[in-house]
Amino acid sequence: FKDGYLVRRTVPSDNSCLFTSLSMCLGYPGLTPRMLRQVVCECIREDPERFNEAVLGMAVDQYCAWIQQPDNWGGGIEMAAISARYHVEVCSIDIKTLRIDRFGEGKYARRVVVLYSGSHYDYIAQAANIADPRDFDQTEFETGFTSKDDDDALLAAALILAGKLNRGHRFVSVGQPELKCGACGILVRGEQGAKQHAVATQHTNFAQV
């Protein structure tokens with residue numbers, strides 16, 4: 001990709017993998033997964049219309065207490081909140097379906113990309129050489145605000161990487177039914193996939209296939 005390679009950077013499987021991946025992508029000194037959990041709670045409380053009880057699946061106070069527990073996963077709600085707070089588009093690529101959910105699409109000039117296996121998040125970085133350590137990674141990319149060609153090239157290259165992982169069966173099937181979005185026809189996996197797609201697109205009509 002351009003002057004280097006897109007690579008998958010793995011993070012620990014400790015239920016904070018999304019927050020770890022995003023903290024690595026954003027690159028702010030001292031930013032920790034725990035701090036990102038707190039940021040999510042702040043964003044939820046600041047925008048009760050967007051993050052209402054129907055979206056959260058529980059009362060706001062209950063959800064904020066729940067997501068601050070280190071054993072609980074993050075997903076679409078958290079990516080939407082972090083996107084808004086840091087003014088960055090967050091793209092999540094499902095390795096099994098190769099679906100891209102784009103949080104903050106069309107709003108920001110910067111983008112980060114994470115990979116979802118069905119039970120775990122890692123992140124995508126650009127390295128000058130495949131063997132280079134992650135200390136030299138580029139983890140933020142320009143969006144179509146600056147160059148539509150670069151925008152398309154990045155997402156195409158990220159999908160090629162995800163496709164290789166797909167063919168290597170680097171995803172987990174956990175018995176979740178496939179659901180089809182009635183608005184755009186895209187396939188998602190289970191309730192979590194439907195919720196993530198709904199938060200990213202405001203599409204709310206799903207049917208099992």
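User: How do α2 and α4 pack, at what angle and how far apart are their axes?

Analyst: Helix α2 (residues 33–46) and α4 pack at about 170°, and their axes lie 9 Å apart. That makes α2 roughly antiparallel to α4. Angles over 145 degrees count as roughly antiparallel, under 35 as roughly parallel, 65 to 115 as roughly perpendicular and the rest as oblique. The axes are lines fitted to C-alpha atoms, for helices over the stretch in contact, with angles running from 0 to 180 degrees between N-to-C directions. Helices (H or I, at least four residues) and strands (E, at least two) are DSSP runs, numbered from the N terminus.

User: Which residues make the contact?

Analyst: From α2 you get R37, C41, I44 and R45, and from α4 V60, D61, Y63, C64 and I67. Contact means heavy atoms within 4.5 Å.

User: And by class, how many are nonpolar, polar and charged?

Analyst: Six nonpolar, no polar and three charged residues. Ala, Val, Leu, Ile, Met, Phe, Trp, Tyr, Cys and Pro count as nonpolar, Asp, Glu, Lys and Arg as charged, and the others, Gly among them, as polar.

User: What should I know about the model itself before we go on?

Analyst: It's a predicted model, where local features need pLDDT of at least 70 and side-chain atom pairs count only at pLDDT 80 or more, while totals for chains, interfaces and linings use all residues. Residues are numbered from 1 along each chain as its sequence is written, and side-chain values use heavy atoms, with hydrogens and water left out.

User: OK, aromatics. How many pairs turn up in the whole structure?

Analyst: Three aromatic pairs. One of them is Y63 with W66, with ring centres 5.4 Å apart and planes at 45°, so that pair is tilted. Rings of Phe, Tyr and Trp (its six-membered ring) pair if their centres lie within 6.5 Å; planes under 30 degrees apart are stacked, over 60 edge-to-face and the rest tilted.

User: How far apart do Y63 and W66 sit in helix α4?

Analyst: Three residues, about one helical turn of α4 (residues 60–67). An α-helix has 3.6 residues a turn, so residues three or four places apart point the same way.

User: Is Y63 buried or exposed?

Analyst: Y63 is buried, at 5% relative accessible area, whereas W66 is partly exposed at 33%. Buried is under 20%, exposed over 50% and partly exposed in between (1.4 Å probe, protein chains only).

User: Switching to α5: how many of its residues are buried?

Analyst: Nine of the eleven in helix α5 (residues 76–86), so the helix is largely enclosed by the rest of the structure. The buried ones are G76, I77, E78, M79, A80, A81, I82, S83 and Y86.

User: What follows α5?

Analyst: H87 does, with a positive phi near 55°, and this residue lies in the loop between α5 and β2 (89–94). Most residues other than glycine have a negative phi. L98 has a positive phi too, near 60°, and lies in the loop between β2 and β3 (100–103).

User: Last topic, salt bridges. How many are there?

Analyst: Ten in the whole structure, counting a side-chain nitrogen of Lys or Arg within 4 Å of a carboxyl oxygen of Asp or Glu. Among them, D122 and R8 meet at 3.0 Å, N to O. D122 lies in strand β5 (residues 121–127) and R8 in strand β1 (residues 5–9), so the pair ties together parts 114 residues apart in sequence. D122 is buried at 2%, whereas R8 is partly exposed at 24%.

User: What does D137 pair with?

Analyst: R9, with the closest N and O atoms 2.7 Å apart. D137 lies in the loop between β5 and β6 (141–142) and R9 in strand β1, so this pair ties together parts 128 residues apart in sequence. Both D137 and R9 are buried.

User: And R110?

Analyst: R110 forms a salt bridge with E140, the closest N and O being 2.6 Å apart. R110 lies in strand β4 (residues 110–116) and E140 in the loop between β5 and β6, so they tie together parts 30 residues apart in sequence.

User: Which residues do shared partners join into one network?

Analyst: E89, R102, E105 and R111.
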